Amino acid sequence: MSAKLYALGTHLPGDVETPATLAELAALLRACNETGRAAVLFGGRTLQGLGAVPKRYDVAIDCTRLDRVIEHEPRDLTIALEAGCRVATLDAVLAACGQFVPLDAPRAAAATIGGTLASGWLGPRRATYGRARDFVIGTIVALADGTIAKAGGMVVKNVTGYDLSKLYVGSLGTLAAIGQANFKTLPLPSVRRLAVAPLPEGSRARTTANIAALATEPAAALIVTGFAKEIDAPSGVDGCLVLLLEGSERTVDAATRELRSALGAAGVPQTRLIDREAGFAFARVLDAYVETLGSRSMTYRSLGLPSDTTPRIDAFARVARANRLTLETIEDVRTGDVIARLSARLVADFATRAKLFDGERRTALAEARILVAPEKLRAGLDAWGAPAASLPLMRTLKSRFDPNGTLAPGRYVGGI
Amino acid sequence: MLTVAADRLRDELTLALGPGGVLTAPEDLAAYAFDAYSDARLPVAAALPRDAHEVAAVVRIARAHGEPIVARGAGTGLCGGAVPVTGGVVLSLARMNRILSLDARNRIARVQPGVINLDLSRAAAPDGLFFGPDPSSQRISMLGGNAATNAGGPHAFAYGSMSAHVIGLEFVDEAGDITWVTIDDAGYDITGVLVGSEGTLGILTALELRLLRTPRAVRVCVAAFDGVEAASECVSSIVAAGIAATALEIMDRTIVRAVEAHYRAGYPQEAGAVLLVEVAGESPDVEASERAIAALARDCGTLAWRSASSAREREALWAARKGAAGALGRIAPNYYIQDATVPRTRLPQAIARVEAIAREHRLPVGNVFHAGDGNLHPLLIFDRREQRQLDAVVAAGHDILAACIDLGGTISGEHGIGYEKRETLPLVFSADDIATMERLRGAFDPARGFNPDKIFPSGAVCGEVRTPSPTLSHA
Ligand SMILES: Cc1cc2nc3c(=O)[nH]c(=O)nc-3n(C[C@H](O)[C@H](O)[C@H](O)COP(=O)(O)OP(=O)(O)OC[C@H]3O[C@@H](n4cnc5c(N)ncnc54)[C@H](O)[C@@H]3O)c2cc1C
């Protein structure tokens with residue numbers, strides 16, 4: 001394996017390891033831990049830009065050979081897989097028996113289960129189905145000292161001991177290496193339909209309000225501005241509504257009728273419906289969350305309430321304008337997420353403007369964090385935004401789980 | 001605790017909370033010595049703070065005195081979680097019972113931990129919203145207790161247990177500091193691990209909860225079967241077919257008769273078991289699901305199928321189901337409710353094992369449970385005045401847990417480990433697994449002042465801890 005693939009910031013790893021079993025993974029970690037080498041875990045490398053650049057980095061551990069489906073009992077609606085399984089594999093195995101887990105990972109063919117969970121990935125359908133964390137019913141991890149530890153199990157309801165899986169999800173490989181994850185699944189809706197509508201000038205606020213009032217809630221509702229390459233649709237002046245309907249045929253048809261009249265009332269004349277390719281088209285929108293324009297773009301995620309997306313988008317726009325960056329956004333009407341991609345036309349201009357932007361947004365958008373940024377710039381940007389009140393507790397947790405700082409030291413919040 | 005030291009502790013608490021905020025008389029403390037599982041020792045004092053600052057004061061004072069702190073909601077817990085096993089200070093959240101805000105637009109409620117579960121759904125109803133988790137104790141149990149136990153209930157099948165609904169919380173830590181955390185914080189999911197931590201990591205002083213939209217159409221149906229196994233078979237096939245029911249609850253004949261004696265809700269009393277089915281959502285879907293479920297029930301040999309025709313009838317069926325344990329309490333001298341989960345396809349086998357174990361120990365058993373989740377609740381009926389029965393009930397409880405583990409399940413689906421199952425934990429988890437959980441605990445509470453005798457096996461610790469045994473027999 002070429003070490004270049006595993007470059008982080010300006011670091012190259014000394015070694016690249018590719019364990020094929022959980023025991024091998026644990027042994028590798030133990031060896032690093034005992035020799036004071038820092039290890040960074042890799043999945044599909046789709047979200048490797050999350051977090052800060054590690055302070056120390058000696059060994060890259062690529063988990064993609066841990067790719068077995070361990071246990072799948074369709075009638076129980078549960079599945080257990082090794083962490084290196086691709087999300088697309090999970091989707092395919094489950095779809096074959098009419099089920100799914102709503103992970104909404106971008107670049108699902110490359111993304112792994114472990115990486116998606118460790119990154120704490122939040123998809124747009126969580127407003128309807130719940131978060132990835134709520135579908136994890138058990139995990140097996142390797143700690144930095146090589147301990148293999150299980151939490152939860154293969155049952156859908158379980159309060160036996162602490163729910164440590166919650167801790168590992170979103171910990172970005174700084175507490176433990178996720179070796180296996182067990183999920184509960186959902187029955188796949190029989191119909192998926194994507195409705196795409198360009199929003200004419202002045203129609204956005206009413207569109208958002210009318211969507212929030214729909215009697216049949218969409219599985220996801222996004223207003224995309226820009227991202228022309230990813231969203232294969234003409235955009236209106238106010239962006240483009242991308243709305244996913246899921247359910248039985250009758251419900252989706254009824255929802256479509258309701259949606260058309262809600263949009264009509266908001267002054268949105270045309271809606272295109274995508275049926276057969278709905279899944280594919282929606283996946284492209286998810287990809288847009290992490291799609292870069294080479295080294296001349298970076299993307300933030302701002303979390304907040306559905307009712308306060310507008311002021312956050314305005315703040316992005318203001319700071320972007322001040323620094324002569326182009327802004328593209330995805331507003332998630334149901335969850336309140338705002339995804340913002342900032343870019344410059346020329347790579348040469350981008351670095352300085354991006355740094356200035358990042359400095360200024362720390363007041364207006366303190367909560368926003370970076371999803372992707374050019375590898376060379378990352379060290380100069382604030383990946384995490386303002387730290388949470390619980391930061392001291394997080395440091396203590398780190399010191400309990402990884403006292404030697406073996407796992408991606410410095411990558412996490414507050415330099416953890 | 002020495003009398004002098006105890007007096008000093010009580011004085012300090014009284015100074016911090018005022019005389020109305022502290023109970024010290026034995027007759028008052030008796031109410032804080034038990035939960036719905038068992039009783040144990042009287043605490044040194046019971047503190048009833050009115051806000052997070054008072055909670056923090058109680059924590060600091062108890063800490064300074066080296067006394068354990070046992071948080072208490074409504075005391076409906078079924079695993080001894082709120083029982084002050086080794087004395088100390090019981091910290092009751094009952095006076096912190098305000099709904100702080102209800103944001104209908106974003107579907108979020110902020111509540112104090114002493115708010116009764118059902119009161120939140122009542123308050124949200126005018127906005128067309130409700131709170132998902134509905135433990136059968138929802139008329140009395142408190143949201144703080146629900147969060148601390150990661151409570152489930154009949155609708156956990158559709159909406160998930162508490163952890164899927166708590167999106168933020170405020171807690172008081174071992175140093176007496178107050179911190180707000182949310183699941184959207186950048187960093188570790190502190191919210192996620194505090195939910196279900198059974199009072200061992202900190203005291204929850206406020207919760208931010210997700211509310212759900214009230215479904216437009218709801219149907220409740222009752223199917224009768226000749227036994228629990230057949231009913232369980234039906235549930236397994238409904239789940240496997242992916243039909244979106246919102247609740248699938250089973251009661252056996254023993255429970256149905258107890259329930260009907262009290263509620264007269266119209267459950268068939270001759271059947272060996274009944275299955276309560278709820279489907280909710282969009283009306284065409286609801287009708288289609290009901291038809292599909294009725295067909296599966298026929299395939300599984302249902303003896304009768306009835307669909308509630310009015311909202312009143314639906315509510316009566318639910319009230320009776322949620323009152324089942326209480327109704328049994330009226331006719332049985334004592335009962336011991338177990339809580340275990342198995343993979344859903346294993347339900348019929350698990351039920352067969354439960355019945356065999358009860359027979360072996362010569363104990364009558366009733367079954368009322370959240371079948372859709374594979375969550376069993378055998379109720380072993382006994383008379384605590386008879387030592388043989390008391391011994392048998394403890395042994396049978398253990399055998400049931402072992403049988404469920406054997407079937408790929410676990411020892412608690414929703415009630416928690418608490419005091420009751422702490423010594424059983426090693427049947428499910430290895431020493432390494434448990435040591436990893438201890439790392440979490442060590443980060444929050446290295447001195448183990450919060451609910452010290454719960455969840456974790458006592459291990460090498462000696463001393464004369466009285467083993468509580470099940471005494472539950474109230475409504
Ligand atoms: C008739 C009956 C039916 C029941 N049905 C169900 C059911 O369907 N589903 C279900 O899940 N449970 C059920 N239960 C069990 C019980 O009601 C739940 O466990 C409930 O969540 C406990 O809430 P409580 O307020 O009574 O908490 P308590 O019993 O007072 O405390 C429970 C635990 O939480 C801790 N705790 C309480 N409040 C706090 C706080 N603010 N901060 C930190 N720790 C705290 C306590 O220390 C203890 O460990 C039932 C009980 C009864 C008696």
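This is a predicted model: local features need pLDDT of at least 70, side-chain atom pairs count only at pLDDT 80 or more; totals for chains, interfaces and linings use all residues.
## Chain B as a whole

Chain B contains 16 helices and 20 strands. Its C-alpha atoms fill a box of roughly 70 × 55 × 45 Å along the principal axes.

Of the 475 residues in chain B, 62% are buried. Among contacts between residues at least 6 apart in the sequence of chain B, 72% join residues at least 24 apart.

## Helix α9 of chain B

Helix α9 of chain B covers residues 253-263, and its buried residues are I255(B), V256(B), A258(B), V259(B) and E260(B). These buried residues pack against several elements of chain B, including the strands β13 (247-252) and β14 (273-281) and the helices α11 (311-322) and α12 (324-331). The strands β18 (365-370) and β20 (378-382) are also among the elements they pack against.

At the start of α9(B), a side-chain oxygen of D252(B) comes to within 3.2 Å of the backbone nitrogen of T254(B). After α9(B) comes R264(B), which has a positive phi, near 45°.

## The contact between chains A and B

The contact involves 63 residues from chain A and 76 residues from chain B. About 5,700 Å² is buried between the two chains, and carbon and sulfur atoms give 56% of that area. On the chain A side, K157(A), V159(A) and Y162(A) lose the most area to chain B, together 17% of what that side buries.

Between chain A and chain B there are 31 residue pairs in polar contact, with both residues at pLDDT 80 or more. In chain A, α5 (132-135), β8 (148-152), α6 (164-168), α8 (249-265) and α12 (391-401) each supply at least two residues of the side that touches chain B. The largest share of that side, seven residues, comes from α12(A). By class, the side has 32 nonpolar, 14 polar and 17 charged residues.

## Salt bridges and a loop at the interface

Side chains of opposite charge can pair when their charged atoms come close. Seven salt bridges are counted between chain A and chain B. One salt bridge joins the side chains of R131(A) and D184(B), at 3.0 Å from N to O. Another is formed by D373(B) and K157(A), whose closest N and O atoms are 4.0 Å apart. This pair crosses between chains, from the loop between β18 and β19 (375-376) of chain B to the loop between β8 and α6 of chain A. D373(B) is buried, with a relative accessible area of 5%, and K157(A) is buried at 2%.

N106(B) lies in the loop between β5 (99-103) and β6 (108-111) of chain B. N106(B) counts as buried because its relative accessibility is 10%, under the 20% cut-off. Its side chain is joined to that of D103(B) by a polar contact of 2.8 Å. Leaving out residues up to four places away in sequence, N106(B) touches L305(A), P306(A) and S307(A).

## Salt bridges within chain A

Over all chains, the count comes to 48 salt bridges. In chain A, the side chains of E217(A) and R334(A) meet in a salt bridge of 3.4 Å, N to O. The pair links distant parts of the chain, 117 residues apart. E217(A) is partly exposed at 28% relative accessibility, whereas R334(A) is buried at 16%.

K398(A) and D402(A) form a salt bridge with closest N and O atoms 2.8 Å apart, and both residues are buried. A network of salt bridges links D104(A), R125(A), R192(A) and E246(A).

Notes
Residues are numbered from 1 along each chain as its sequence is written. Chains are lettered from A and ligands numbered from 1 in the order in which they are written. Side-chain values use heavy atoms; hydrogens and water are left out. Contact means heavy atoms within 4.5 Å. Buried area is the accessible area (1.4 Å probe) that two parts lose on being put together, summed over both. A polar contact is a pair of N or O atoms within 3.5 Å; within protein, one must be able to donate a hydrogen and the other to accept it, and residues adjacent in sequence count only if both atoms are side-chain atoms. Helices (H or I, at least four residues) and strands (E, at least two) are DSSP runs, numbered from the N terminus. Ala, Val, Leu, Ile, Met, Phe, Trp, Tyr, Cys and Pro count as nonpolar, Asp, Glu, Lys and Arg as charged, and the others, Gly among them, as polar. Buried means under 20% relative accessible area, exposed over 50%, partly exposed in between (1.4 Å probe, protein chains only).
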